Each structure stands twice: as C-alpha cells, then as structure tokens.
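Q: I have a new structure open and would like to learn how to read it. Could you take me through it feature by feature?

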Amino acid sequence: MKRLSYTIRSTPVQINIVETVDDLSRFYLFVRDNRQLLGWDTETTGLDWWSDDFRVRLVQFGTADESWVLPVELDSHFTDAAVWALGFASQLVAHNGTFDMHAMEAACGLPMEAVAPKSLDTKLLAHLVDPRALKEGGSGLRLEELTAYYLCTRTAAEVKGSASQIARRLKVSRAEMWKAVDLTDDEYLLYAGCDPVLAYRLCARLLPQVPPRSRRAGLISWEHRLAHITAKIERTGYLLDVDYALEQIAALASEQRGWQAIAAEHGVENVASTRQVAQALIERGIKIPGRTKTGLPKVDDALLASYPDDPLCQAVIRAKRAGKWRTTWFENAVLNRDSNDRVHASINSCQARTARMTITGAVAAQTFPASSSFVRHEFLADEGDVSVSIDYGNMELRVLAAYSQDPVMLDAFRDGKDLHQITADAAGVPRKVGKMANFLTVFGGGPKALAQQAGISLELARATLAAFNETYRGVGRLADRLTREAKRSGYIYTATGRRLPVDKHRAYSALNYFIQSSSRDITARALIELDKAGFTPHVRLPIHDELVFSFPRERAGELAEQAARIMEITIRGVLIPAEPEIGDRSWGSILDLADSKH
DNA sequence: GCACGTGGCACC
DNA sequence: AAACGGTGCCACGTGC
C-alpha cells in the first residue's frame, strides 16, 4: 500500500493507494467505519462513457481527512471491492455524480439504480445555495470553483493545475492525459485522492446553507430524483439515422465549398472571419454602421442580408450557415454515436441561473432549427416505434397569468381568447406588435427593445407598453412585488421554494427569473410524474416546454394521451395544457405531418 | 500548442 | 422613466 499526504486548509489528509489484494482488508474496514456517508469519485479514460473502449481507471472513496484509491483497471478484485463499497454505503456524495454512475455502470456493470437513490450531489446542493456562475458573482458549480469558494483557494489552484501539469510532463493534450497517465503517477494519484475528500467536505459546508424554505419544500430530494431521471434518459440515448446524416453532411459540405469559392473570388478566404469580411465589404464601398462591444465593425446576418443583390454578402451568409449546420448538428452526432448508432445527450438537469436544464454535447437539441425539420429527421424512434412530441402551450404567459392572477389574462386563457390580440387592440397596434409586447414583458424588456424589434417608433413602443400595463394591472403588481423583494434582500423565491439571486442593479429581471424558473419546474415535475408512471424509457429529450418520446406504433395515440394528461397541471386556477403530436419514425416527421394537415 | 475571450448564431 | 431573460457551440484570433 502506498500513502500520500496532503493538507487542505491546514487539515491533513491521508491518501491510501491500494496496490495489492491484501491491501483491501484495510479498505473494507475503512468503508465499514464510514458507511453512513462516503465521498466518491472515478477517474476514467475520457468522458465518453458510451464508447466501447471506455474504461474506469480509478475509483476513490473519502471522508474529510482520509481517502482510498482503488486502481480498478489493474485487477478485477479492486473493481469488486469498489462495487461492494458503493452497495454497502448507506449514503454517498459525489460532485456531478451522474457521470460517475454512468462510468461505473458502463465499465463495471453496476446499475445506476443501485447508487442514485442514496446519492447526494454537491453540484445540485451548490445550485440550491447559489446558482450563479463565477463571472456572475456566484460560487460557480465546478468542483475547483466550489473548492476555492468554500474550502481552500490553494487546494483549488493545485487541483486545477495538476491535470495540465501532468499533460505537459507527458507531452500530451489534456484530453489525452486521462488515458495516457500511469496509474502509479503520484501527482495523478494525489489529484484523484483529493476529489472524494473535497466532495465530502463540500457536502458538509453546503447542506446547512441550503435555504430553509428550499429544504422545507423538499427541493433537495426533488432535484436529486430529477437528476437520476435525466441520467436514465442520457443512458437510453437517441437512435441516429446515420445514412441520412451522412447524406446531409455531404450535401452541406458541397454547398459550403461552392459558396466559399465565390467568397474567395471576392477576396474573402475565411468567411467566418468577421475581420476579413469587414475589410472586403469596405473595399466594395459598403458602409458598416454597427460596432461590436470592443469597437470593431459589426458584421452580422442583419447587415449582410440587407444587401440581397451583393454576391459576396450572399456567399458569406450561405457558406457560414452550411458550415455551422454541418458541424454542429450532423457531424457532432455522427462522430459521437455509440456502436448501436445511438447518441447520448449530456443533460444538466439543474444548470442555468434559473435552474433551467441545458443539453450539451452530441445532441444540441435545444438549438435545433425550429423553422425546418431537416435536422430532427436524423433522430429516429426505436424499431417499431413512432416519434411523439408533447409540448406545453403558451407556458410562460400562462405561468404569468397564474402567479399574477391578473383578471384579464385569467379570463383570456379560461375562454381561449387571443391574448396577443387583446394587447394589440388595447394599444391600437398590429397583433404582431402586441405579441412582442407580451413576450418582452416576460423577458423584462423596455420600450427601446420593443421599438427595435417591432420596427416602430420609440413613442409608439412606449405607448404600447403603457397600454399593456393598463390592461394587465396584475402583472405590474407581481413585477413590483418581486422587484421590491429583490431590492430588499437580493433574492426572490419561487413557489417550489427555490431561492434565486437577483442583481440589485438589474432588479427588473426578477419577473423574468420567476417566470422562467417556475416554467422549468413545471417541466421538471412532469418528468418526475412520468417516471413514477413508468414512462422514462420512452422519453428521449426534454427541451424547455417540450418532451420528445418514442412510443410503440400501435399504442402511440393512447400512450401519448396518457403522458399528456400526466404532464398537464393547473396552477392557481390556470391550466397549463399539454398537447401531443404524433409523427412517423423520425422526430422531424412530426413537424412534416403537422404541416401537411394545414 | 493549447486555453481562452470574442463574435455570431441556433434555440426557448 | 427605463430596464431584453436564459443558454451552448463554432471559428477565429490572441496570449501564454
């Protein structure tokens, strides 16, 4: 057995590295003595737990002052010991433990169902305490950031720096390092041994700081339950139509080359270089009025599109678009698929400042073009299944109606009246402008933004928003209440007991945070209720106000109807309706079938 | 050579 | 009176 020593904020930590099977007896004793709560972590060959060549290299367990490192890659007895410890512990804590559960399941055969119900995650706890990123004035949510904020800045810097340092020493990139580093490398073992100790200590610091209101509302277990559900959705993955994706990649690549060639004829080698494009435009006598925040000429789609007859402007727009669509939505999926042609999204169940979920990695589902179905066509329901989408109608405005109890809004939603038209009529503007005013209110926007967006005068924008306030008095009262609360305490609370920090110099954003976060919690609740009813194996993705499913073809209508009824909820008398749309095999077919009906 | 900030753009 | 909220990814270009 090897021993390493480290000190975190003047508290010594002993790191024990198991080297032989005989060393395990001491490890068993350690686990038995500390089974009531154990920190844990894994080191792996990479982040792609779905790949065939993915391996877990180390599994680490720790308390506040002691940790054990098992090099499971070297001996199956070590793997067995790690699996035993995870089963034997009464409670576990990890930072972003979802990843470690995927890793242990994929590489060591331990089902995440065996670990998730007794797990605490310091990332979730940290979010309940303060959801803000570092640059927003918060603690951040990454382990190094939280270590620096709550425990010890020196440790944070050393732990963060060590991965880069090892990579430099081995002369490989950081990503390669995780595979390449030797399992006896002391710097690596020290880094690995610290992580479960940090998770353990962070847990002790964070738990008492979770706001009492959040705790009373049951948010801690609620968020952990949700994280487990989204982990199961990640595990299932989404079946990729590889042939279709490859066709699109080829078509977009050829389109991109064509437009790039035209741009090159006009002196632009890199269409994505705004500097090059700006220079070429100026040489062509085109004035660039806008400036970016660093004072450079602003070359964006709006400028380029305003010269529809200029061949360079058109070539730049089209070449950029083809390139971006090819890499982001098709190559990303194709290159990250598993051996069964499934792609696994990375779902951060509680991520944004408002706790909105984010989806990153191979399936950037939250940004798929809404205007056309051709990206969604690459995702298929399972063999024998069809794609179903169930989305909430007008979610954010209904949430606003519910919590403001504004009589005009309540009345409009109850009787199916057109809310955008009501706003428009009150202000004497077209419906489109009324709709913009409605949404801008949810976003916290003012007259300048409305004027710009709607292309109307500042005067008219002011009058429109004034008419909005006259019409929906309740909205103003809710906004005032939240703004006052934010200015007084720096926080607002949602109905689910979540505490959201609001910058005092931007107190107007309190209403938006409230609506956005409340809406997110409605979708989160739906996932939890659907899970109870056994629907999770059918869920493919959550996208803000929409859930995508794969249902057996012959029962799709019935199951979709059941799921929609589970999703629907009435809040303070306002129904948030959920409407199923049934497609054919591909996700994209849903939109096509809906279009063909009209 | 890699990390990081910036600008642009896809979405709710 | 005025205030546009929340994301992630890609390419480029710079700085270490």
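Q: Let's begin with one residue. Where is the place of Glu223?
A: Welcome! Keep in mind that this is a predicted model. Glu223 belongs to helix 10, which covers residues 219-236.

Q: Is Glu223 buried or exposed?
A: The general idea is to look at the relative accessible area, where a value under 20% means buried. Glu223 has a relative accessible area of 0%, so it counts as buried.

Q: Which residues is Glu223 in contact with, leaving aside its neighbours within four places in sequence?
A: Here we look past the residues that sit beside it in the chain. With neighbours within four places in sequence set aside, Glu223 is in contact with Leu124, Leu128, Cys350, Arg498 and Arg520.

Q: Now for sheets. In what order do the seven strands of the open sheet come?
A: First, the general idea: strands of a sheet pair through backbone hydrogen bonds, either parallel or antiparallel. In this structure, seven strands make an open sheet with mixed pairing, and their order is 1-2-5-4-3-6-7. At the edges are strand 1 (2-8) and strand 7 (119-121), each of which pairs on one side only. Ignoring direction, neighbouring strands of this sheet are turned by 25 degrees against each other on average.

Q: How many bridges join strand 6 to strand 7?
A: Strand 6 (residues 92-94) and strand 7 run parallel and are joined by three bridges. To find the pairing in the model, look for Val93, which stands opposite Leu120 in strand 7.

Q: Which strands does helix 1 touch as it packs on the sheet?
A: A helix against a sheet can be read from the strands it touches and the angle it makes. Helix 1 (residues 24-33) touches strand 1, strand 3 (38-44), strand 4 (56-62) and strand 5 (66-70), and its direction makes about 135 degrees with that of strand 5. Helix 8 (residues 186-206) lies across strands 1, 2, 3, 4, 5, 6 and 7, running at about 50 degrees to strand 1.

Q: What about strand 17: how many of its seven residues are buried?
A: Strand 17 (residues 546-552) is mostly covered, with six of its seven residues buried. Strand 13 (residues 385-392) pairs with strand 17 in the antiparallel sense over seven bridges, and one bridge pair to look for is Ile390 with Leu547 in strand 17. Strand 16 (residues 539-543) is also antiparallel to strand 17, over four bridges, with Ile543 opposite Glu546.

Q: How many residues lie between strand 16 and strand 17 in their hairpin?
A: There are two residues between these strands. In the turn, His544 has a positive phi of about 60 degrees.

Q: Let's turn to the DNA. Which of the 24 residues around DNA strand B come nearest?
A: They are Thr292, Thr294, Arg356, Phe368 and Ala370. Next, ask which part of the DNA faces the protein: sugar and phosphate account for 86% of the atoms of DNA strand B that come within 4 Å of the protein. Arg356 reaches a base: an N or O atom in its side chain is 2.8 Å from a base oxygen of DNA strand B. Helix 14 gives the most to the surface near DNA strand B, with five residues.

Q: And which of the 29 residues around DNA strand C come nearest?
A: Ser273, Arg275, Arg462, Asn512 and Tyr513 do. For DNA strand C, sugar and phosphate make up 71% of the atoms that come within 4 Å of the protein. A polar side-chain atom of Tyr513 lies 2.7 Å from a phosphate oxygen of DNA strand C. The surface near DNA strand C divides into seven nonpolar, 15 polar and seven charged residues.

Note on methods: Residues are numbered from 1 along each chain as its sequence is written. Chains are lettered from A and ligands numbered from 1 in the order in which they are written. This is a predicted model: local features need pLDDT of at least 70, side-chain atom pairs count only at pLDDT 80 or more; totals for chains, interfaces and linings use all residues. Side-chain values use heavy atoms; hydrogens and water are left out. A residue is near a molecule or strand if one of its heavy atoms lies within 4 Å of it. A polar contact is a pair of N or O atoms within 3.5 Å; within protein, one must be able to donate a hydrogen and the other to accept it, and residues adjacent in sequence count only if both atoms are side-chain atoms. Ala, Val, Leu, Ile, Met, Phe, Trp, Tyr, Cys and Pro count as nonpolar, Asp, Glu, Lys and Arg as charged, and the others, Gly among them, as polar. Two strands pair if DSSP finds at least two bridges between them. Axes are lines fitted to C-alpha atoms, for helices over the stretch in contact, and angles run from 0 to 180 degrees between N-to-C directions. Contact means heavy atoms within 4.5 Å. Buried means under 20% relative accessible area, exposed over 50%, partly exposed in between (1.4 Å probe, protein chains only).
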